[in-house]
Amino acid sequence: MIEIVVNGEARQVPQGTTITGLLAQLGIRPDRVAVELDRVIIKSSFWSETTLAPGAKIEIVHFVGGG
């Protein structure tokens, strides 16, 4: 297990977890969010190949519709 920070909150995840895997663990629909990893926005096409390192800081932003 490694420790990462998600939206300011420490969290333990298995080593080798990808952004896609993290979203699945959190129960978040990937089509409704943007993800920033260590202050860099990661395109969704790279989520499945982007492995999280110990100490990674992830910000997940949900899209909200309105009108």
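Strands, numbered from the N terminus, are DSSP runs of at least two E residues. In the predicted model described here, I60 lies in one such run, strand β5. The account below begins with the sheet, passes to the nonpolar core, and ends with individual loop residues.

The sheet is open and comprises 5 strands in the order β2-β1-β5-β3-β4, with mixed pairing. The edge positions are taken by β2 (9-13) and β4; each has a single partner strand, so one side of each has no neighbour in the sheet. From one strand to the next, the twist averages 35°. Strands β1 and β2 run antiparallel and are joined by 5 bridges. V6 is positioned opposite E9 of β2. Helix α1 lies across β1, β2, β3, β4 and β5, and runs at about 105° to β2.

The largest nonpolar core contains 17 residues, and I4, L23 and I58 are those with the most contacts inside it. Two or more residues of this core are contributed by each of β1 (2-6), α1 (19-26), β3 (33-37) and β5 (57-62). In soluble globular proteins, nonpolar side chains tend to be buried together. Apart from neighbours within four places in sequence, L23 is in contact with I28, P30, V33, V35, W47 and I60. I60 has a relative accessible area of 7% and is therefore buried, the cut-off being under 20%. When neighbours within four places in sequence are again set aside, the contacts of I60 are V6, N7, L23, L26, I28, V33 and A34. The C-alpha atoms of I60 and R32 are separated by 9.9 Å, and these residues are 28 residues apart along the chain.

The loop between β2 and α1 includes T18. With a relative accessibility of 18%, T18 counts as buried. The side chain of T18 reaches the backbone nitrogen of G21 at 3.0 Å. Beyond its neighbours within four places in sequence, T18 is in contact with W47, S48, T50, T51 and L52.

The loop between α1 and β3 holds R29. This arginine is partly exposed, at a relative accessible area of 47%. A polar contact of 3.0 Å links the side chain of R29 to the side chain of D31. R29 and A53 are 24 residues apart along the chain, and their C-alpha atoms are separated by 22 Å.

Most residues other than glycine have a negative phi. D38, found in the loop between β3 and β4 (40-42), has a phi near 50°, a positive value in a residue other than glycine. R39 is found in the loop between β3 and β4, and its phi is likewise positive, at about 70°, although R39 is not a glycine. As for accessibility, D38 counts as partly exposed because its relative value is 44%, which falls between the limits of 20% and 50%. R39, by contrast, is exposed, with a relative accessible area of 79%.

Technical notes
Residues are numbered from 1 along each chain as its sequence is written. This is a predicted model: local features need pLDDT of at least 70, side-chain atom pairs count only at pLDDT 80 or more; totals for chains, interfaces and linings use all residues. Side-chain values use heavy atoms; hydrogens and water are left out. A nonpolar core is a set of buried Ala, Val, Leu, Ile, Met, Phe, Trp, Tyr and Cys residues joined through side-chain atoms within 4.5 Å. Buried means under 20% relative accessible area, exposed over 50%, partly exposed in between (1.4 Å probe, protein chains only). Helices (H or I, at least four residues) and strands (E, at least two) are DSSP runs, numbered from the N terminus. Contact means heavy atoms within 4.5 Å. Two strands pair if DSSP finds at least two bridges between them. Axes are lines fitted to C-alpha atoms, for helices over the stretch in contact, and angles run from 0 to 180 degrees between N-to-C directions. A polar contact is a pair of N or O atoms within 3.5 Å; within protein, one must be able to donate a hydrogen and the other to accept it, and residues adjacent in sequence count only if both atoms are side-chain atoms.
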